[in-house]
Amino acid sequence: MSELYLDQNSQNTFLSIDKSLNKLIKVGTGIEIKHINMSEYLNATVVEKTENTLRIITKELIHETFFFPGDCVSINYSDLKNLFVISGKITKINSLDPLDFTVLITRIEKMKNLRKYQRYYVSLSASLDVPDISERLFVVVKNISSGGVKINCSDYLPITGNIVGVEVILDRINNLFFKGAIVRKGWNKSYFEYGIEIQEISESNYKCLNHYLNWLSYDYKNI
């Protein structure tokens with residue numbers, strides 16, 4: 001894979017709510033949920049469900065809640081192959097501590113071909129663990145996709161078969177970890193540019209990456 005992004009025109013698939021919700025989500029399923037006015041996702045668990053509603057309890061304490069009946073929320077659920085974006089509307093607040101509420105599901109969207117997701121331009125702090133270099137290298141991620149990242153780095157790194165460890169600071173609470181291969185290199189006056197393709201990533205980090213890309217996608221649509 002020589003590029004870190006592919007066709008941006010691929011269409012996502014909208015799924016039947018009554019059939020898909022029962023198949024995808026079970027009582028006890030871990031999900032991430034975000035209010036329309038929040039920038040970060042909250043870890044949560046499904047504790048009850050019907051054909052078109054979910055009762056959800058968050059795992060994190062919220063000191064100031066944005067959640068009220070009638071508000072819209074976005075739910076992310078993913079397995080190792082697919083990311084599902086579930087839209088809904090809050091119908092009932094059962095408790096604020098912990099946050100416990102019921103959501104009426106209005107749409108389920110299967111994101112198509114995540115390995116062909118578009119790239120997003122960012123500026124994120126990151127570090128590299130490189131074989132034969134004792135100290136971690138601090139770099140800046142300039143774009144990100146589900147296939148990998150492009151970084152700016154002051155150090156020369158050869159393109160070899162070695163796998164480098166990458167840690168990207170996504171926000172104040174989420175870091176992304178993966179192992180990747182340097183597949184592209186360039187020079188831009190005072191720094192090197194490297195394209196790093198993801199080679200190894202855990203399920204939890206895969207979900208973290210997909211959720212971050214989905215958040216970026218939402219922001220891009222509303223610019």
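Seven salt bridges are present in the structure, a salt bridge being a side-chain nitrogen of Lys or Arg within 4 Å of a carboxyl oxygen of Asp or Glu. The structure is a predicted model, in which local features need pLDDT of at least 70 and side-chain atom pairs count only at pLDDT 80 or more, whereas totals for chains, interfaces and linings use all residues. Residues are numbered from 1 along each chain as its sequence is written, and side-chain values use heavy atoms, with hydrogens and water left out.

| Salt bridge | N to O distance |
|---|---|
| Arg 55 with Glu 48 | 2.9 Å |
| Arg 107 with Glu 109 | 3.8 Å |
| Glu 193 with Lys 150 | 3.8 Å |

Helices (H or I, at least four residues) and strands (E, at least two) are DSSP runs, numbered from the N terminus.

Exposure is described here by relative accessible area, where buried means under 20%, exposed over 50%, and partly exposed in between (1.4 Å probe, protein chains only). Glu 193 is partly exposed at 22%.

As for individual cysteines, Cys 72 is partly exposed, with a relative accessible area of 39%, whereas Cys 208 is buried, at 15%.

In soluble globular proteins, nonpolar side chains tend to be buried together. A nonpolar core is taken here as a set of buried Ala, Val, Leu, Ile, Met, Phe, Trp, Tyr and Cys residues joined through side-chain atoms within 4.5 Å. The largest such core holds 32 residues, and those with the most contacts inside it are Leu 128, Val 141, Ile 144, Ile 151, Val 168 and Ile 196. At least two residues of this core come from each of β8 (120-129), β9 (137-145), β10, β11 (163-169), β12 (175-188), β13 and α2 (203-221), and α2 supplies the largest share, six residues. Another core, of 24 residues, lies apart from it and includes Leu 24, Ile 33, Leu 42 and Leu 54.

Over the whole protein there are two helices and 13 strands, and 44% of the 223 residues count as buried. Among contacts (heavy atoms within 4.5 Å) between residues at least 6 apart in sequence, 57% join residues at least 24 apart. The accessible surface comes to about 11900 Å², of which 50% belongs to carbon and sulfur atoms, with areas taken from the Shrake-Rupley method with a 1.4 Å probe, and with only the protein chains shown counting as cover for residues.

The peptide bond from Asp 97 to Pro 98 is cis, with omega near 5°, and Pro 98 lies in the loop between β6 (83-96) and β7 (99-110). Asp 132, although not a glycine, has a positive phi of about 75°; Asp 132 is found in the loop between β8 and β9 and is exposed, with a relative accessible area of 81%.
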